[in-house]
Amino acid sequence: MNIIDRPSPNFDARTRPIDLVVLHYTGMQDAETAIARLTDPAPVAGRFPGPWQAEDVAPDAPLGKVSAHYVVAEDGAVYRLVAEEHRAWHAGASSWDGEGDVNHRAIGIEIVNGGHDFGLPEFPDAQIQAVIALLRGIMERWSLGRARIVGHSDVAPERKLDPGERFPWKKLADAGVSIWPQGAALDLPDDDYVAHAQQQLAVFGYDVQATGVMDAATKNALVAFQRRFRPHQIDGVLDEETRKLLAGVT
Ligand SMILES: [Zn+2]
């Protein structure tokens, strides 16, 4: 596939082998603004105005340095900002499979899309086809299974909404680069179902403890799970359909 290099200085060394891919939306106006932000070695607020910051913020207020390995534009153009071997700075405070700071083991892909701040635009098919092709290459290079592809909202469910409920996870699953719940029957009596769901969420990867009580971490994980697998109803309620979907991925 044709990849355009737009090197970012924002990276450092990994301490863990690559075993995860985190998908994001950029949540900005357009591809060039996002690439400018992701390659800026000293970003300040005045250079990136938008709904994500207060209007009275000082123009020279420093912003966090961020990056990703790839940016995929709406037309399917793929930009490489950081080499896969290096640690890019995209996931922030995060956890998956019981381990924090997933940037050490993840490849980050920023998909150009305005997201929730810009009315949740559709992801054009050319863009999704490019994401699928990019993921196929990554999965082959690093021997990753389809369950290793997750969203930013999966690894940081208390803070993040991306890639958002418009992102076509089903298309990715149909192309073999993500999972989708298989039809499964409920397998436990009703009295244990909160603890059981917590165990399933944790096995899937979410940072959830099996307390038997519907706590904030569990609710956030359920919202993230529904955003990905039941995007028409995202309420964090552990209803029968959600329980069936959970049984279908674990
Ligand atoms: Zn993100």
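# Cores, domains and local backbone features

In this predicted model, the largest nonpolar core has 43 residues, and those with the most contacts inside it are Val21, Val22, Val71, Val72 and Ile109. At least two residues of this core come from each of strand 3 (20-25), helix 1 (31-38), strand 4 (70-72), strand 9 (106-111), helix 2 (125-142), strand 10 and helix 4 (169-174). Ile109 shows how such contacts are made up: leaving aside residues up to four places away in sequence, Ile109 touches Val21, Leu23, His24, Ala68, His69, Tyr70, Val72, Val131 and Leu134. Another core, of 10 residues, lies apart from the largest one and includes Leu201, Tyr206, Phe225 and Leu246. In soluble globular proteins, nonpolar side chains tend to be buried together.

The protein is divided into domain 1, residues 3-174, and domain 2, residues 190-247. Their C-alpha centres are 25 Å apart.

Helix 5 can be followed in detail. Its 12 residues reach 16 Å from the first C-alpha to the last, close to the 16 Å expected at 1.5 Å a residue. The buried residues of helix 5 are His196, Ala197, Gln198, Gln200 and Leu201. Helix 6 (216-229) and helix 7 (240-247) are included in what covers them. An α-helix has 3.6 residues a turn, so residues three or four places apart point the same way. After helix 5 comes Gly205, whose phi is positive, near 140 degrees.

Within helix 5 (residues 193-204) lies Gln198. Why does Gln198 count as buried? Gln198 has 25 other C-beta atoms within 10 Å, and 20 or more make a residue buried. Not counting residues up to four places away in sequence, Gln198 touches Val208, Gln209, Ala210, Thr211 and Thr218. Gln198 and Asp215, which are 17 residues apart in sequence, are 10.0 Å apart in space from C-alpha to C-alpha.

Most residues other than glycine have a negative phi, and most peptide bonds are trans.

| Residue | Phi | Location |
|---|---|---|
| Asp97 | positive, about 55 degrees | loop between strand 7 and strand 8 (99-100) |
| Asp101 | positive, about 45 degrees | loop between strand 8 and strand 9 |

Asp97 is partly exposed, because 17 other C-beta atoms lie within 10 Å of its own. Asp101 also counts as partly exposed, with 17 C-beta neighbours inside 10 Å.

A cis peptide bond joins Asp162 and Pro163, with omega at about 10 degrees. Pro163 is placed in the loop between helix 3 and helix 4.

Definitions and conventions
Residues numbered from 1 in each chain as written. Predicted model: local features only at pLDDT ≥ 70, side-chain atom pairs only at ≥ 80, totals over all residues. Helix = DSSP H or I, 4+ residues; strand = E, 2+ residues; numbered from the N terminus. Buried ≥ 20, exposed ≤ 12 C-beta atoms within 10 Å, placed from the backbone. Contact = placed C-beta atoms within 7 Å. Domains from an automatic or database assignment. Core = buried A, V, L, I, M, F, W, Y, C linked by C-beta atoms within 7 Å. Expected span 1.5 Å × (residues − 1).
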